[in-house]
Amino acid sequence: MNRITRAVKATYNFFAGDMILLVAVALAFGLGGLLAGALHAPALLVGVVLIGLIVGGLVTTLAREVRGRPRN
């Protein structure tokens with residue numbers, strides 16, 4: 001079990017490295033897909049939402065790092 005846990009953690013760290021960034025990117029793509037597919041929103045709006053959510057995740061992560069909060 002320890003080997004599986006280490007493999008899952010290594011995979012997570014490789015792809016995301018940070019839960020805030022992982023959630024922000026997943027939310028950005030999910031909302032962008034919904035806007036583009038179901039609501040037929042203009043591409044400019046979808047792009048602004050994608051970039052805004054990803055930048056928001058980056059800012060949140062950097063703010064946490066500056067505060068010196070320990071990561072799990």
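View 1. Helices are DSSP runs of H or I with at least four residues, numbered from the N terminus. This is a predicted model, in which local features need pLDDT of at least 70, side-chain atom pairs count only at pLDDT 80 or more, and totals for chains, interfaces and linings use all residues. Residues are numbered from 1 along each chain as its sequence is written, and side-chain values use heavy atoms, with hydrogens and water left out.

**View 2. Helix H3 and its cover.** Val46, Val49, Gly57, Thr61 and Arg64 are the buried residues of H3. Buried means under 20% relative accessible area, exposed over 50%, and partly exposed in between (1.4 Å probe, protein chains only). H2 is included in what covers these buried residues.

**View 3. Gly37 in helix H2.** Gly37 is found in H2 (residues 19-38). Gly37 counts as partly exposed because its relative accessibility is 44%. The C-alpha atoms of Gly37 and Asn2 are separated by 41 Å. These two residues lie 35 residues apart along the chain.

**View 4. Confidence along the chain.** pLDDT is the predictor's confidence in each residue, from 0 to 100. Its mean for the protein chain is 87, and 93% of residues reach 70 or more. Confidence is lowest in H1 (residues 2-15), at a mean of 80. It is highest in H3 (residues 43-67), at 92.

Terms used:
Helices (H or I, at least four residues) and strands (E, at least two) are DSSP runs, numbered from the N terminus. Contact means heavy atoms within 4.5 Å.
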